[in-house]
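Biologist: I'm new to this one. Could you walk me through how to read its features?

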Amino acid sequence: MISLSHYLVVSGMLFALGLAGVIARRNILIVYMCLEMMLSAANLALVGFSRFHLVNGLPDYTAQSLVFFTITVAAAEVAVGLAIIVALFRTKQSVDVESVTKLQG
């Protein structure tokens, strides 16, 4: 039987892995993918809380509807974020985080 703690453990591990990737990596694409992994971990926690919160004996699906909205916003974020990364790559010829932080020339 899967319980809420199982959802939260997997969500916490995904979030920690994403946070480690954001802190340790220098490639901006990998950092961006790790940020998306952290967002997915938060969505998984919301789904877990929604699944195990009962209202009149039935699961409350309001948090799952919030997850659908966050997934929609994340899809738009991916499009804009990748466009920014491509534009930075065209100007700097690198996807290294250090080259992006120096925006003067």
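Modeller: Let's go through the helices, then the charges, then the backbone angles.

Modeller: First, some ground rules: this is a predicted model, where local features need pLDDT of at least 70 and side-chain atom pairs count only at pLDDT 80 or more, while totals for chains, interfaces and linings use all residues. Residues are numbered from 1 along each chain as its sequence is written, and side-chain values use heavy atoms, with hydrogens and water left out.

Biologist: Okay. How many residues does α1 have, and how far does it reach?

Modeller: Helices here are DSSP runs of H or I with at least four residues, strands are runs of E with at least two, and both are numbered from the N terminus. For a helix, the expected span is 1.5 Å times one less than its number of residues. Helix α1 covers residues 4-24, so 21 residues by the DSSP runs, and its reach from first C-alpha to last is 30 Å, close to the expected 30 Å.

Biologist: And which residues of α1 are buried?

Modeller: Buried means under 20% relative accessible area, exposed means over 50%, and partly exposed is in between (1.4 Å probe, protein chains only). In α1, the buried ones are S11, G18 and G21. Looking down the axis of α1, they fall within an arc of 90°, so they line one face of the helix; the arc is that of the directions from the helix axis to the C-beta atoms. On the face turned away from that buried side you'll find the exposed residues M13, I23 and A24.

Biologist: What do the buried residues of α1 pack against?

Modeller: They pack against α2, residues 28-52. Contact here means heavy atoms within 4.5 Å. Helix α2 has 25 residues and reaches 37 Å, close to the 36 Å expected. Its buried residues include I28, V31, Y32 and E36. At the start of α2, a side-chain oxygen of N27 comes to within 3.1 Å of the backbone nitrogen of L29.

Biologist: E36 is a charged residue. Which side chain of opposite charge is nearest to it?

Modeller: In general, side chains of opposite charge can pair when their charged atoms come close. The counting takes Lys and Arg as positive and Asp and Glu as negative, leaving out His and the chain ends. A salt bridge needs a side-chain nitrogen of Lys or Arg within 4 Å of a carboxyl oxygen of Asp or Glu. For E36, the nearest opposite charge is R25, 17 Å away, and E36 is buried with no salt bridge. Setting aside residues up to four places away in sequence, E36 touches A74, E77 and V78.

Biologist: How many salt bridges are there, then?

Modeller: The count comes to one. D96 pairs with R26, the closest N and O atoms being 3.3 Å apart. D96 is in the loop between α3 and α4 and R26 in the loop between α1 and α2, so the pair ties together parts that are 70 residues apart in sequence. D96 is partly exposed at 23% relative accessibility, and R26 is partly exposed too, at 48%.

Biologist: Last topic: where does N56 lie, and what is its phi?

Modeller: Most residues other than glycine have a negative phi. N56 isn't a glycine, yet its phi is positive, about 55°. N56 sits in the loop between β1 (54-55) and β2 (58-59), and it counts as exposed at 79% relative accessibility. Q93 also has a positive phi, near 55°; its place is the loop between α3 (62-92) and α4 (97-101), and at 56% relative accessibility Q93 counts as exposed.

Key:
Polar contact = N/O pair within 3.5 Å; in protein donor to acceptor, adjacent residues only side chain to side chain.
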